[in-house]
Amino acid sequence: KRERGGVPLSAEEKRPINKKSIRQLAGVFKYVLPYKGVFMVGLLCLALSSGTMLAFPYMAGQLLDVASGKSNPYFSSINEVALALIGILFFQGIFSFTRVYTFSLVSEKSLADLRKSVYQKIIWLPTTFFDSRRVGELMSRITSDVGTLAEMLSFTLAEMMRQVLTLVLGTLVIFYLTPKLTGFMLLTFPFLVILALFFGKYIRGLSKKTQDKLADANVVVEESLQSISVVKSFTNEAFEINRYTRALNEVVSVAIRTARFRGLFISFVIFALFGGIVAVGWYGASLVQNNAISVGELFSFVLYTSFIGASIAGLGDIYTQLQRCIGASERLLEILDEKDEAEAGLPAQPLKLHGEIEFENVSFSYPTRQDFRVLKNLDFKIEPGEKIALIGQSGSGKSTIINLLMRFYGVKEGSIKVDGNDIDQFHLTAYRKNIGIVPQEVILFGGTIQENIAYGKPGATFDEIREAARKANALEFVESFPEKFETVVGERGVKLSGGQRQRIAIARAILKDPAILILDEATSSLDAHAEVLVQEALEKLMEGRTSIIIAHRLSTIKKVDRIFVIKEGTLAEVGSHAELTRINNGNGIYSNLLKLQLQ
Ligand code: ADP
């Protein structure tokens, strides 16, 4: 089975254009509705400019007929005809300007709305969604898929309507003006249409393949750049370059095939079209010779056919573009149809918890690994304000306990209660506001220190932020920067040390003021001075809050009320440091872990 970026192609993505896909394309059009007035103006101008242009070949023919002395009810001199032609061009200019302007306006505005909807949707999706997607893939939904649709709204769609109008109206006009010649010309049509359908179908498959290959290649860049330190520490730069080169080669080979067929398609259409024009021109000339039509009429006819021919060639191209758009809108709607996290985005009643936590017989498997039980019958209770350390080997399930408490994943077996209520019953956002996390790896967003601390409480005043920084032992180092709280950190700014980042995270948590606090101790140790500052700040932060610490250091473990020893997803030992060291005469799991650490 073919896969893209590790995610199986959905049935949707393999489907050719049909009623359903057109309905889906229409689903994206929902975003145009708020701007329908402006859009209608654009449509009107489109119809007017196409219509006006259709008068052009007729008038050009008149120019010849008036010059050769054929009597005419409307025009007595070629100057008048030329003036009328200029008038046509003038109106055409006004209509075209308005059309391009209004369509671009609608497309930019409605697609900004669409982008926002998709982003809003994605950011509210539950953690489980992100387990099976890559960031790069989601990015390309928002950037290139929406970009494809932007092109459709501002250009492709208008072109399509313009060309359909030209095709239909133009044919009607020449049928009326020169029926014999037109009948003759129509003989070439079926051939062209069949050719266009055949090629269009094939090219659509190829361009989809190119896009898929490009997505694969982008995944390589994104993966390696996101974990650049891993790449460098393994000195695998050359390996990654190779991997990317291979992916690019595949893109190029498919793209070249696409280009070959696209070129073939266009050239065939042009050849057939001009071949047809030669044949029709010959027949037309013979009609002129026999005085069946005038030179002006033949000239008009030739101009009309070249208009019509161009619109047919253009429609073939537009058909393939439309198919790309359908692919893009399918992928976007697929995301928009994802199930939200409970009550996503709904306003929450303020919720103030005390922080009593109870796991009742909780067992858990990750949705992506159903057959593997990560937690088994966990049963414990933590009192409000109690300090707990979770210890256990890596992979034993400590972070999973936190993931469940955070409601990143739903519990199906057993239940988790906070303050005596099942956590699923709380409004998700309101509930999470009661939990603060100081993570192992502190992520700072691009922005100032002040903004980064305020992430814990959007809208916090400067005094609150400064006070939080002070309590987090961060004030001194922040004020040592020339720009103090305005110092820019993150990717483009000052690099902060591990200890400094942690204190920023602590300040964030202080601002958030949660009842429940989760500390994921950094495994890499800080220097002694930084360690003291961070520890001090943490202790202040933990005061009066239910705290769960994923602990790696003895110093932390000794200070907590109880230690939970997690082993293979079960609670193997519980108790204070003193109690646990007495288990099995100093040979319990905890004692052995301690000995291992001391070694
Ligand atoms: P710890 O925090 O004690 O190191 P974790 O709770 O992170 O352990 O992991 C427990 C087990 O669950 C491990 O076997 C790990 O591979 C697995 N696991 C963790 N996160 C996920 C996830 N998102 N999807 C699938 N399996 C996971």
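Helix α3 is followed by Gly-69, a residue whose phi is positive, near 85 degrees. In this predicted model, α3 itself covers residues 36-67 and comprises 32 residues; the distance from its first C-alpha to its last is 47 Å, close to the 46 Å expected at 1.5 Å a residue. An α-helix has 3.6 residues a turn, so residues three or four places apart point the same way.

The unreviewed UniProt entry lists residues 38-61, 81-106, 160-178, 184-203, 264-286 and 298-319 under "transmembrane region". In the model, the span 38-61 is 100% helix and 0% strand, with its end C-alpha atoms 36 Å apart, and the span 81-106 is also 100% helix and 0% strand, its end C-alpha atoms lying 37 Å apart.

When neighbours within four places in sequence are left aside, Gln-321 is in contact with Met-152 and Thr-156. The C-alpha atoms of Gln-321 and Glu-151 are separated by 9.2 Å, although the two residues are 170 positions apart along the chain.

Turning to the strands, an open sheet of 4 strands is found in the order β4-β3-β6-β7, with antiparallel pairing. Strands β4 (375-382) and β7 (421-422) stand at the edges of this sheet and have a single partner strand each, so that one side of each is left without a neighbour in the sheet. Strand β6 (residues 413-418) is joined to β7 by 2 bridges, the two strands running antiparallel, and Lys-417 has Asp-422 in β7 as its bridge partner. Helix α12 (residues 398-405) lies across β3 (357-364), β4 and β6, and runs at about 115 degrees to β3.

A further set of pairings involves strand β13 (residues 562-567), which pairs with strand β5 (residues 387-391) in the parallel sense over 4 bridges; within this pairing, the bridge partner of Ile-391 is Val-565 in β13. Strand β13 is also joined by 5 bridges to β14 (residues 570-575), here in the antiparallel sense, with Ile-566 standing opposite Leu-571 in β14. Together β13 and β14 form a hairpin with 2 residues between the strands, and Glu-568, which is in the turn, has a positive phi of about 45 degrees.

Over the whole protein, 21 helices and 14 strands are assigned, and 32% of the 599 residues count as buried. Among the contacts with a separation of 6 or more, 80% are made by residues 24 or more positions apart.

Terms used:
Residues are numbered from 1 along each chain as its sequence is written. This is a predicted model: local features need pLDDT of at least 70, side-chain atom pairs count only at pLDDT 80 or more; totals for chains, interfaces and linings use all residues. The expected span of a helix is 1.5 Å times one less than its number of residues. Two residues are in contact if their C-beta atoms, placed from the backbone, lie within 7 Å. Two strands pair if DSSP finds at least two bridges between them. Axes are lines fitted to C-alpha atoms, for helices over the stretch in contact, and angles run from 0 to 180 degrees between N-to-C directions. A residue is buried if 20 or more other C-beta atoms lie within 10 Å of its own, exposed if 12 or fewer, and partly exposed in between; C-beta atoms are placed from the backbone. UniProt positions are given in the numbering used here, feature names are shortened, and annotations may be inferred rather than shown by experiment.
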